[in-house]
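Me: I'd like to learn how to read a sheet. Can you walk me through one?

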Amino acid sequence: MVEPRKCREEADDVDAVTRAVLSASRLLIAVSARSLAQVEERVTLPQFRMLVVLSRRGATKLVTLAEHLRVAPSTAMRMVDRLIAMDLADRRVNPRNRRETLLQVTEEGRRTVETVTTRRRQEVTAIVERLAPEQRGALVAALSAFNEAGGEPEVSDTDGREPYPLGWAEATAGA
């Protein structure tokens, strides 16, 4: 355990804080990778990211989906085609504008997102449970400030659902 005085000194040192955040990010990436382990033979990380966006947004046009993922529409189309072939997503004609096609996650795709998200939450919970109560409080305060500084939306505590299960905030959330 790190001494409180040393923590205070390092908190003033931007390099020390940066190193601590980078170490924590490695841990969180490892947790995310492990949560994807059972589906990664079937779904790549970028494809999973697309499933997350589709599961949160609902039926979405290809161009809008590409914008949210920050990829070219042609890249998004190839990813969608692969997800459709695996029955994780589908496309349908927009009933309001028959010239448009809407993409959506299937029930199988939704289950995939929920399974990975649940696994990740369980692993993070197990790590947090190993912290002393005062460390948990300090961690909440520090991460809340860090997330706010970075523009990351807070996870809802009302329904247990995260806005973006792997941390990819949409480019134009709410649009």
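Reply: Let's go through the sheet and the helix beside it. This is a predicted model, where local features need pLDDT of at least 70, side-chain atom pairs count only at pLDDT 80 or more, and totals for chains, interfaces and linings use all residues. Residues are numbered from 1 along each chain as its sequence is written, and side-chain values use heavy atoms, leaving out hydrogens and water.

Me: In what order do the strands of the open sheet come?

Reply: Helices (H or I, at least four residues) and strands (E, at least two) are DSSP runs, numbered from the N terminus. Two strands pair if DSSP finds at least two bridges between them. Here the 3 strands go E1-E3-E2, with antiparallel pairing.

Me: How many bridges join E2 to E3?

Reply: There are 6, and the two strands form a hairpin with 2 residues between them. Arg92 has Leu102 in E3 as its bridge partner.

Me: Which strands does helix H3 touch?

Reply: Contact means heavy atoms within 4.5 Å. H3 (residues 45-57) packs on the sheet and touches E1, E2 and E3.

Key. Axes are lines fitted to C-alpha atoms, for helices over the stretch in contact, and angles run from 0 to 180 degrees between N-to-C directions.
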